[in-house]
Amino acid sequence: MLSSVRWKGRLLGAVALLATSTGVVAAQATGVIEGRVTEQGSGRPLAGAQVFVAGTTIGTVTGDQGTFRITGVPARQVEVRIRLIGYAPVNRQVVVQAGETTRLDVEVAISALQLEQVVVTGTGGQVEVKKLGNTIATVQPPQFAPITSPSQLLTAREAGVSVLPASGLTGEGARIRIRGNASLSMSNEPIVFVDGVRINAGGGFGDNVGAGGGGRPSRLDDIDPSTIERVEILKGAAAATLYGTEASNGVIQIFTKKGATGQARWSFNAEQAALNYPEGRIKDNCGSAKSDTAAARLSTFWGRTIRPFEPFCINASKEILGLGYGTTLNGSVTGGTGGYTYFASVRYADENGPMDVGWLGGLAVDKVRRIQGLTNLGLVPFNTLKLGIRMSYADALQQVPQNNNNIYGITSLAMFAKPELANCDKSSLASPGRCTGAGNMYGNAAFMTLREATQQQVENRAGRFTGVFDAIYTPTDNITANITFGVDATDDRSFLFRYFRYDVDRFTGNNITGQRNIDANSDRQYTVDTKLNWKSRILGMESDFVVGAQGFIVKQNFSGGSNTNFPGPGLEVVSAGSTPNVTERFVQTVNGGFFVQDQLGWRDFAFVTLGGRYDYSSTFGENAGGVFYPKVSFSVVPSDRPGWNAPLGLSTFRIRGAYGKSGRQPNAFDKFTTFAPLSSELGSGLAPSGLGNPDLRPEVSTEWEGGTEMGFLQNRLGVDLTYWNRKVTDALVAKQFPVSGGFRNLQLANVGV
């Protein structure tokens, strides 16, 4: 765990847009709404509130003083809606006069429940939370708390969402679990979307490169946290049915900030951080001299009196941990008119972690540097058509020491130091506990000395582009068509390097004549998502019918190599060694499906949702059939009935329930029998590799959940209770096939019914 101290500065400015002759003419048919949004009771101004005109694309976001200004508002009576997470929604009717400014000041009340909040993930369209029977959590970045990564944003923000931290080294990615593990053999990570496009949320260094037991970068943290507007989280199969065969572990969708009509607003931020490990977390290394001779030697080495069989202690970990620091700079601009909006942001983040081993003279560093940029454009060429274009690029450089559960890791070697074995037998003593040359300053008993561990270098460099195009067509008030195209492209390169005779203490025997491993990974993820929404009335009930189709293509290229036994110093390329090894593989998977859903509402307080998805995956072969995943849910809000008299101060009351299925597919080649290349004196050949299983099916998670929300004291106190139950059938489990058949690798099979 790290503790940190941060300071943050912020400068806001506004640049007025020049009025053109076209704008003057437009003003004759439109007007302006301006005002201020404050908190009810305290009168505190509220920043970040969404203020928009219902039925249009016109809106803005309040500034630091709670003020807003909306231009290009049609000259008629309009409904203005104010939305801010943590507060009750407010609707106001105002009359706008052509060429004039209408004043609208609004007070909003704190609300612990957000049943009126609109969500889109897993719903097929924009839906109020109160109409859903399943749980959809919304996380909004805190206004003032420093958030350095999306992983940190999700930490301890929502019940049932666990962010498992790594060792604490700078730049290491966290693992995310939603309602625990759902699979025994496959990944338990949720799938991640950004603005409707699926992204690579994995990480790591590659097949040949590693930094130890668990330490690795995360591609999720390539996203600039300052550009995140909100995060929606689907918890489990009952909520994630519409995402099909890969969604049984839940779905996370990140929505980035968009522009708002009004004058250009500029924001500049600077942040400085100091990081250190808390004292006392890592215990001392203790030992004792076993003889008078050893006591005399150790007294000289440590510069203090050490008696035979009397314990004495040092703390090797404390000596390699110091004060880290981080610097973050970012700026953004947002604005627009009735015909277009824009948001652009750029961020530079550099963090040097608290591991301080430079004094040992090695190559290892604990450092990460990220450069991130995003542009988000919204266009409204016609009243019935809205277009969105989003582009982002990130460049990340991460350097890490060998770490975590690793016999050659710096942290593990420090924790297992034995002060009674410390010596400078192969050099002279420069000062207490310090050798001028080869020696074993911390008495490491095996593998390598702490100083030799710092001579190892691990680095990862990644470049990432994400592009999204979406179009929303609304030919009539009750019909909406939506289409989204997107690509997420990541290229990263990693290397592990041990130079020729890096064994500075002449202790280790691990590839002392040099080693270099490299990996180059290319990941492409393509998304196509189409939906058609039709609102109507059926038998006196409101119907919200959605039909849609999704397709995902993932292409991954992995290539790399390794070599050892370099002929001399100064050689740092793989081809210089004498024992080369080359790896290469290509994987492509295609997943797709179509879904149908209808949500029926009665008198705006009782709702039933029926739907399902028919899903296909190339993992099971081109001729394999699909899998159907159904869903059904209900939601009843008695407190929305006219005449509700709030018994016991219960101002809001809802009961809900949901049932649904989702799945998890095996890896691309788990179905097929595969062979590995074999070289020998007699020539090349093949050796058994993976036995495969042609009968593989996706493992299916069936989940039901029920719950209630209750609001007391005018929703200032909220209670949210959820019970869920999950059953996994056809679980994918790796089992051992008899090795007498020649195939030693585990075989994946479906178990359970």
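Predicted model: local features only at pLDDT ≥ 70, side-chain atom pairs only at ≥ 80, totals over all residues.
Biologist: Okay. Is Val-608 buried, exposed or partly exposed, and why?

Modeller: The general idea is that buried means under 20% relative accessible area and exposed means over 50%, with partly exposed in between. Val-608 has a relative accessible area of 37%, so it counts as partly exposed.

Biologist: Which residues form the nonpolar patch on the surface?

Modeller: Val-608 belongs to it, together with Leu-610, Val-632, Phe-634, Ile-655, Tyr-659, Trp-704 and Tyr-723. Together they have about 710 Å² of accessible area. At least two residues of the patch come from each of strands E34 (606–617), E35 (627–636) and E36 (650–664).

Biologist: Now the inside. How many cavities of 30 Å³ or more are there?

Modeller: A cavity is a space where a 1.4 Å probe fits but cannot get out. Here the count is 7 cavities of 30 Å³ or more, and the largest cavity holds about 160 Å³ of space. It has 16 lining residues, and the closest to its centre are Asp-222, Ile-223, Asp-224, Arg-390 and Ser-392.

Biologist: Which element gives the largest share of that lining?

Modeller: That's E25, with 4 residues. By type, the lining of the largest cavity divides into 6 nonpolar, 5 polar and 5 charged residues.

Biologist: And what about the second largest cavity: how much space lies in it?

Modeller: About 40 Å³. Its lining includes Ile-191, Tyr-243, Phe-552 and Arg-613, and divides into 3 nonpolar, 3 polar and 4 charged residues.

Technical notes
Residues numbered from 1 in each chain as written. Heavy atoms only, no water. Patch = residues over 30% accessible without salt bridge, like charges linked within 9 Å, V, L, I, M, F, W, Y side chains within 5 Å. Areas by Shrake-Rupley, 256 points an atom, 1.4 Å probe, with all protein chains shown as cover. Salt bridge = Lys/Arg side-chain N within 4 Å of Asp/Glu carboxyl O. Buried < 20%, exposed > 50% of the residue type's maximum accessible area, 1.4 Å probe, protein only. 1 Å grid on protein atoms, 1.4 Å probe; cavity = no way out; pocket = protein on both sides within 12 Å on 5 of 7 lines; lining within 4 Å. Points joined across faces, edges and corners; volume = space filled by probe spheres on them. Nonpolar A, V, L, I, M, F, W, Y, C, P; charged D, E, K, R; others polar.
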